[in-house]
Amino acid sequence: MDSKEVLYEDTQKKKRKKRKKKEESKTARTHRSRSSPSVTSTSEGVMGKENEDSAMQIDGSNNSEQISTKFSITVLQLLKSAQMQHGLRHGDYTRYRRYCTARLRRLYKSLKFTHGRGKYTRRAITESTVTEVRFLHVVLYMAERAWSHAMEKRQLPDGPNARQRIYLIGRLRKAVKWANLFSHLCSIKGDSRTSLEAEAYASYMKGSLLFEQDQNWDTALKHFKSARAVYEELGKYGDVENQILCRERVEELEPSIRYCLHKIGESNLQTSELLQIGEMEGPALDLFKAKLEAVMAEARSQQAASLTEFHWLGHRFPISNAKTRVAILKAQELEKDLHGQSADALPAEKKLAIFDKIFSAYHEARSCIRSDLASAGNAENVKDDLNGLDKAVSAVLGQRTIERNQLLVSIAKSKLTRRRDDKNEKVTKPEELVRLYDLLLQNTADLSDLVSSGRDRKPEEVKFAEECDFKDLAFRAERCFYLAKSYSLAGKRTEAYALYCRARSLTENALQKLQSRNDSDKMTVNELKTLYNECRSNSCIEHATGILEEEKAPENLSKKMSTISLSGADKKVEQYLLEKLDVYESAVGDSNAKGAAPRIEAFPPPFKSIPRNPIIMDLAHDFIDFPSLENRMKKDKKGFISRFWR
């Protein structure tokens, strides 16, 4: 019998056995079911009731858990940290909006709450959707993104135009919509503090929308007051950080409330008080500042109608361009803050910020004047007036630049003798003052050239040029004094003594010039006298110190000569770390000593003598006669014809 047939029969037998087993198991099952139907039905009923009861218990426990769990969010702390870390510390709303967009994308992915893969199908967030606290974060960041987009449009360089303003208000409406949804969801799903913070946030958004729309000031006031009341109550409880944030938000809301009262007519606020309120800092005040700037620009444009001439050193230059008038008027208002009665109480940083605003206003006026010059054509009278106005504005700008640099000098002088304080401020060196006086000399020279460039000079211009010459002399004396100080600190006594003497002579000349004038300033006279006395005392000190050093020079030289040793035994041999492993001694060196390099191992390593293979000189090679090897060389075979050309 063939092997294939045997294998086939075996497989068939196995299949038959499997079929018999299946049939036997089926018959056994049917027999059991017929014999005990009541038992199975009762057991199934009991099991079904038990399953239903357990399912009801599980559902009840889940429902109780859902009802009992309340989400908690510190809204103000969350938003403040996000705003400060992502752009709003510097007023960069574009960066903060991009952060909100990226944060929303991450939340959608982590929650698996995406809006379709191909076609966008919006999924609404309702009460049943909020099963995690991150769903509340989604709604909050949607409101923040819309608000930051609106503020980004508000901070455009030239301000929003009509279409951009419509878009801005639309984004604020969207922010109000999401803030209301956030407040509603927090009132159901959040704890009491979270719902209160969400309500205050929604009230602030509603007030901001009405504030931007310039309408319903009483409703905006009601929303701002309700937000303030909530933050005042929240500022009494919780941790210290949250209390501080709530109080800061109350202070940020106060200017908006006072402005709403001013617009309603229930407040007696003056324009100067509004400007003082606008000097406060904070993201919640940016909308108020923009509104205040728009109001002030409108007031300036109305006042600029009366500003028809610019007076400078006896000259009167007509101003025809409205933009030039507004820019000059803005600069003059800022100058009043610098030279007014309250100017002494202003800190130096605040004065520097005012100077920057003055410079931007005058630069804007100059750009308008030069654009008018380009479009003036061949009208000589108009060109002369515009050139004179440009010269006058440039001269005033030069004066303010000198005043600003003098303020920087006073700040540097206050830090010159001061040691490092708790804030770890950098101490001023005399070289920095020398650099500042170089700038002042350059500014004075430019201003003097600008004033003396005209043909017909008035007495006021001559007097101004004399003041520039006097300032130049005083600045040169101050520069020479601090240059001498820098040489003195470097140990160069001769150069320092000569420079102190030069500074004293320059100060004496400046004093003589100032005292010869009738309108001499007492403060300037006192400053020059103090400088003269300091130059005299410092020159004496440098002279005495130089003589002492010269007297001690031979003694120091003899001491050094006496300690010189040719063998170098007087020097302490510093060992490296690998040479003194058995001694517990630092090889890094003293941290306070300058130039003390660590001695771990010598690098590059020193040369060592090592043995090498001997060099053999073959001297007998030239005197040996080697045998001839021509008989072993191959000979070329040549034909019969090639023999003739040997």
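**Notes on the predicted model**

1. Ile615 sits in the segment after helix H18 (522–562); helices here are DSSP runs of H or I with at least four residues, strands are E runs of at least two, and both are numbered from the N terminus. This is a predicted model, so local features need pLDDT of at least 70 and side-chain atom pairs count only at pLDDT 80 or more, while totals for chains, interfaces and linings use all residues. Numbering runs from 1 along each chain as its sequence is written, and side-chain values use heavy atoms, with hydrogens and water left out.

2. Isoleucine 615 counts as exposed because its relative accessibility is 66% (buried is under 20%, exposed over 50%, partly exposed in between; 1.4 Å probe, protein chains only). Together with Met617 and Leu619, Ile615 makes a nonpolar surface patch of about 400 Å².

3. For the whole chain, expect 18 helices and two strands. Buried residues account for 33% of the 646 residues. The accessible surface is about 43600 Å², with 52% of that belonging to carbon and sulfur atoms (Shrake-Rupley, 1.4 Å probe; for residues, only the protein chains shown count as cover).

4. Have a look at histidine 137 in helix H5 (residues 133–154). Histidine 137 is buried, at 13% relative accessible area. Leaving aside neighbours within four places in sequence, histidine 137 is in contact (heavy atoms within 4.5 Å) with Ile73, Leu78, Arg103 and Leu107.

5. Salt bridges (a side-chain nitrogen of Lys or Arg within 4 Å of a carboxyl oxygen of Asp or Glu) come to 19 by this rule. One of them joins glutamate 403 and arginine 400, at 3.0 Å from N to O. Those two are about one helical turn apart, because three residues separate them in helix H14. Glutamate 403 is partly exposed at 25% relative accessibility, and arginine 400 is buried at 11%.

6. Other bridges reach further along the sequence. Glutamate 478 pairs with lysine 413 at 3.5 Å, N to O. That pair links distant parts of the chain, glutamate 478 in helix H16 and lysine 413 in helix H14, 65 residues apart. Arginine 493 bridges to glutamate 542, with the closest N and O atoms 3.3 Å apart. Arginine 493 lies in helix H17 (residues 493–516) and glutamate 542 in helix H18, so the pair ties together parts 49 residues apart in sequence. Glutamate 542 counts as buried, at 6% relative accessibility.

7. Finally, there is a salt-bridge network: Lys80, Arg249 and Glu252 are linked in it.

Note on methods: Patch = residues over 30% accessible without salt bridge, like charges linked within 9 Å, V, L, I, M, F, W, Y side chains within 5 Å.
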